[in-house]
Amino acid sequence: GSRLAAILNMPECLCTGDPVAEDPRMAYVGRQWETSMMSACCSNPAGCALALFCPCCFAYSLRARALQHDLSKYKCCQGYICPQCLGPCDDMAQSCPAFCLCIESFFFESCAISATRMFVQDERQIQTDPCDNRIIRFNNFVQLLACIFEVLAIFIRSLRELARLLRCIADLIYCMTQACMQAQTDHELSLHRTSQDYGPITKPPPYQTF
């Protein structure tokens with residue numbers, strides 16, 4: 001009974017819009033993204049197209065803009081992803097930040113995109129959007145599902161076609177997710193070049209889930 005209910009509720013848990021319990025961004029008040037990821041393709045179609053067809057170059061550009069083109073502030077993934085592993089790279093990042101950012105954007109594209117978005121969100125104290133959470137978690141769930149079936153297909157030949165199909169679907173979902181994420185960040189940076197470009201913070205409506 002309870003085990004079956006947990007299995008049936010798994011997709012809902014993985015794709016929920018609820019905040020992570022330890023998410024520090026839920027403490028931010030009064031400032032929302034100028035556009036959600038779901039609306040980013042309509043609010044910023046040019047940015048969405050650039051992110052879709054030139055994701056790595058756009059990721060490089062967004063990080064530079066987020067740092068106000070002061071690459072002395074650059075760190076590998078801005079310290080958000082595996083800081084214990086990437087910490088030793090900071091010396092190299094300080095000596096040739098443009099090269100390191102290029103490597104990050106082209107070889108660790110998804111990490112670069114997520115790190116820039118988190119940096120902008122933290123610097124400007126933008127509250128986490130529940131719809132964004134849902135989109136990101138759905139993407140993560142599909143990537144994990146595709147990975148599991150690819151491993152199973154190594155041992156079960158009959159699953160190989162299904163694994164290829166899931167990988168294709170997962171890649172398409174990732175492409176759309178990262179395009180919406182970069183378009184959202186680009187829209188925010190275009191409307192507010194620095195964190196000082198915002199008006200006074202007002203009390204937000206209660207956090208809602210969808």
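## Salt bridges, a cavity and a surface patch

Colleague: Is Asp132 buried or exposed?
Modeller: In this predicted model, the relative accessibility of Asp132 is 1%. The cut-off for burial is under 20%. Asp132 therefore counts as buried.

Colleague: Which residue meets the side chain of Asp132 in a salt bridge?
Modeller: The N to O distance in the pair is 2.8 Å. A salt bridge needs a side-chain nitrogen of Lys or Arg within 4 Å of a carboxyl oxygen. The partner of Asp132 is Arg117.

Colleague: Which helices does that pair tie together?
Modeller: Asp132 and Arg117 are 15 residues apart in sequence. Arg117 counts as buried, at 8% relative accessibility. Each residue lies in a helix, so the pair ties together parts of α10 and α9.

Colleague: How many residues apart in sequence are the parts tied together by Asp186 and Arg65?
Modeller: Asp186 forms a salt bridge with Arg65, with the closest N and O atoms 2.5 Å apart. Asp186 lies in helix α11 and Arg65 in helix α5, so the bridge ties parts whose separation in sequence is 121 residues.

Colleague: Is Asp186 buried or exposed?
Modeller: The relative accessibility of Asp186 is 9%. Burial means under 20%. Asp186 therefore counts as buried.

Colleague: Which residues do salt bridges with shared partners join into one network?
Modeller: The count of salt bridges in the model comes to 7. Those that share partners build one network, joining Glu150, Arg167 and Asp171.

Colleague: Which helix gives the most to the lining of the largest cavity?
Modeller: The search finds 1 cavity of 30 Å³ or more. Its lining is Ala59, Leu62, Ile113, Thr116, Met181, Gln182 and Thr185. α5, α9 and α11 each supply at least two of the lining residues. The most, 3 residues, comes from α11.

Colleague: How many residues of that lining are polar?
Modeller: The largest cavity has a volume of about 30 Å³. Its lining has no charged residues.

Colleague: How much accessible area does the nonpolar surface patch have together?
Modeller: The patch is formed by Leu144, Ile148, Val151, Leu152, Ile154, Phe155 and Ile156. Leu144 sits in helix α10, residues 130-155. Together the patch residues have about 670 Å².

Colleague: What is the phi of Cys77 near?
Modeller: Cys77 is in the loop between α5 and α6. At 5% relative accessibility, Cys77 counts as buried. Its phi is positive in a residue other than glycine, near 55°.

Colleague: Where is Gln125 found?
Modeller: Phi of Gln125 is also a positive value, near 55°. Gln125 is partly exposed, with a relative accessible area of 38%. Its place is the loop between α9 and α10.

Colleague: What distance separates the C-alpha atoms of Leu101 and Arg63?
Modeller: Leu101 is in helix α8. Leu101 is buried, with a relative accessible area of 0%. Leu101 and Arg63 are 38 residues apart along the chain, and their C-alpha atoms are separated by 8.3 Å.

Conventions. Residues are numbered from 1 along each chain as its sequence is written. This is a predicted model: local features need pLDDT of at least 70, side-chain atom pairs count only at pLDDT 80 or more; totals for chains, interfaces and linings use all residues. Side-chain values use heavy atoms; hydrogens and water are left out. Patches are made of residues with over 30% relative accessible area and no salt bridge: like charges are joined within 9 Å, nonpolar side chains (Val, Leu, Ile, Met, Phe, Trp, Tyr) within 5 Å. Accessible areas come from the Shrake-Rupley method with a 1.4 Å probe; for residues, only the protein chains shown count as cover. Helices (H or I, at least four residues) and strands (E, at least two) are DSSP runs, numbered from the N terminus. Buried means under 20% relative accessible area, exposed over 50%, partly exposed in between (1.4 Å probe, protein chains only). On a 1 Å grid over the protein atoms alone, a cavity is a set of points where a 1.4 Å probe fits but cannot get out, and a pocket is an open set with protein on both sides within 12 Å along at least five of seven lines; lining residues have an atom within 4 Å of a point. Grid points are joined across faces, edges and corners, and a volume is the space filled by probe spheres set on the points. Ala, Val, Leu, Ile, Met, Phe, Trp, Tyr, Cys and Pro count as nonpolar, Asp, Glu, Lys and Arg as charged, and the others, Gly among them, as polar.
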